[in-house]
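Hi,

Here is the structure I said I would pass on. Have a look first, and then read my notes below.

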Amino acid sequence: MQGELTDTRTADSALAQGELTDTRTADPVLTQAGITNTRITDHILQISDSRGNACTLITGKDRALLFDAMTGEEDLRSYVGKITDLPLTIVASHGHYDHTGGLWQFEDADLYMNSAELEIYEENCRLIPEVMRNTGGTLPEKLLLGEYEVHFQDISEGKIFPLGGITAEAVELPGHTPGSMGLLIREERIILVGDAVSPQMCLFFPESLPMETYLLTLSKVRDLPADRILGGHFTRCFPMESVDLFFKCAGIVGKKRGIAYRFLPLPRYHGTFYLYDVRSKLIGETICIIVPDGEGSCLT
Ligand SMILES: [Zn+2]
């Protein structure tokens with residue numbers, strides 16, 4: 001899950017000036033109600049919904065891999081089917097509903113998720129109806145009633161998915177959740193991070209790990225053979241230099257004034273919000289972090 005803070009994902013002046021050069025226009029042939037796409041590279045297509053969720057389709061010569069599945073409101077399966085008829089592997093970055101809700105459409109899929117996320121996934125399946133009540137969405141009955149079954153294979157550090165001319169390699173990125181997993185695309189020097197590294201970093205969920213773990217994950221990402229980061233709620237990559245800003249943002253926790261924050265889709269989840277930059281010049285995004293209440297001492 002990702003905190004719903006501000007809608008900062010529209011095109012901005014930085015994009016217009018070409019500072020962020022990895023955004024290509026959506027392919028209209030591949031547009032479907034509620035779903036759109038952004039081509040990141042010839043092999044990587046970012047697919048997004050109207051709620052600001054995204055998943056990533058990596059297409060090789062022999063296989064395709066879908067990283068995450070959004071909330072399940074739209075017909076993601078037929079959308080992917082329009083793009084490729086290659087055998088499909090799915091990897092869930094973590095168990096939150098906005099990354100795994102759509103898995104109900106892929107009951108027979110070759111599906112992977114870190115086993116540390118299984119309980120989180122099952123809890124999120126139970127939470128989806130409440131999320132929809134609180135946010136005004138509608139979901140297919142099969143999903144709301146839980147009338148489907150998916151079977152996860154475990155995935156851990158170093159698992160490699162050869163797709164034909166391009167590979168995806170599992171990288172453990174704990175913090176946001178214990179079993180958060182990224183995929184390193186070495187050939188493209190891109191790391192897919194889900195919610196594990198984000199300009200709007202959420203560490204306030206009950207399953208989130210301490211700040212120290214997140215800082216280790218940031219260090220790990222910065223040292224990867226990658227130049228760009230692609231997150232689970234964004235339709236463009238951020239340069240690896242943005243990690244330095246995320247470090248600085250983490251550094252203000254407990255030093256600057258924090259603001260009480262409540263997660264609207266599930267208001268029982270709350271934390272303390274720290275703002276580092278309203279709009280970063282480097283990435284055109286708000287940079288902030290939300291931590292559990294009590295982490296830091298300058299609450300309003
Ligand atoms: Zn999440």
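First, some housekeeping. This is a predicted model: local features need pLDDT of at least 70, side-chain atom pairs count only at pLDDT 80 or more, and totals for chains, interfaces and linings use all residues. Residues are numbered from 1 along each chain as its sequence is written.

On confidence (pLDDT is the predictor's confidence in each residue, from 0 to 100), the chain averages 89, and 88% of the residues score at least 70. Over residues 4-23 the pLDDT is below 50, and that stretch has 28 contacts in the model beyond near neighbours in sequence. A contact here is two residues whose C-beta atoms, placed from the backbone, lie within 7 Å.

Now the sheet. Helices (H or I, at least four residues) and strands (E, at least two) are DSSP runs, numbered from the N terminus. Six strands form an open sheet in the order S1-S2-S3-S4-S5-S6, with mixed pairing; two strands pair if DSSP finds at least two bridges between them. S1 and S6 (110-112) are the edge strands, each pairing on one side only. On average, neighbouring strands of this sheet are turned by 20° against each other, direction ignored. For that angle, axes are lines fitted to C-alpha atoms (for helices, over the stretch in contact), and angles run from 0 to 180 degrees between N-to-C directions. Within the sheet, four bridges hold S3 and S4 in an antiparallel pair, and Ile58 has Leu65 in S4 as its bridge partner.

Which of its residues are buried? They are Leu76, Tyr79 and Val80. As a reminder, an α-helix has 3.6 residues a turn, so residues three or four places apart point the same way. The buried residues of H2 pack against S1 (35-39), S2 (44-49), S3 (54-59), S4 (64-67) and S5 (88-91). Ser78, Gly81 and Lys82, on the other side of H2, are exposed. My cut-offs: buried means 20 or more other C-beta atoms within 10 Å of a residue's own, exposed means 12 or fewer, and partly exposed is in between, with C-beta atoms placed from the backbone.

For context, most residues other than glycine have a negative phi. Asp68 counts as buried because it has 28 C-beta neighbours inside 10 Å, and Met70 is buried with 25.

In the loop between S1 and S2 you will find Thr41, which counts as partly exposed because it has 18 C-beta neighbours inside 10 Å. Its C-alpha atom is 7.9 Å from that of Glu188, 147 residues apart along the chain.

Further along, S14 (residues 259-262) and S15 (residues 270-277) run antiparallel, joined by four bridges, with Arg262 opposite His270. S15 also pairs with S16 (residues 287-291), antiparallel over five bridges; there, Leu275 stands opposite Cys288.

Cheers
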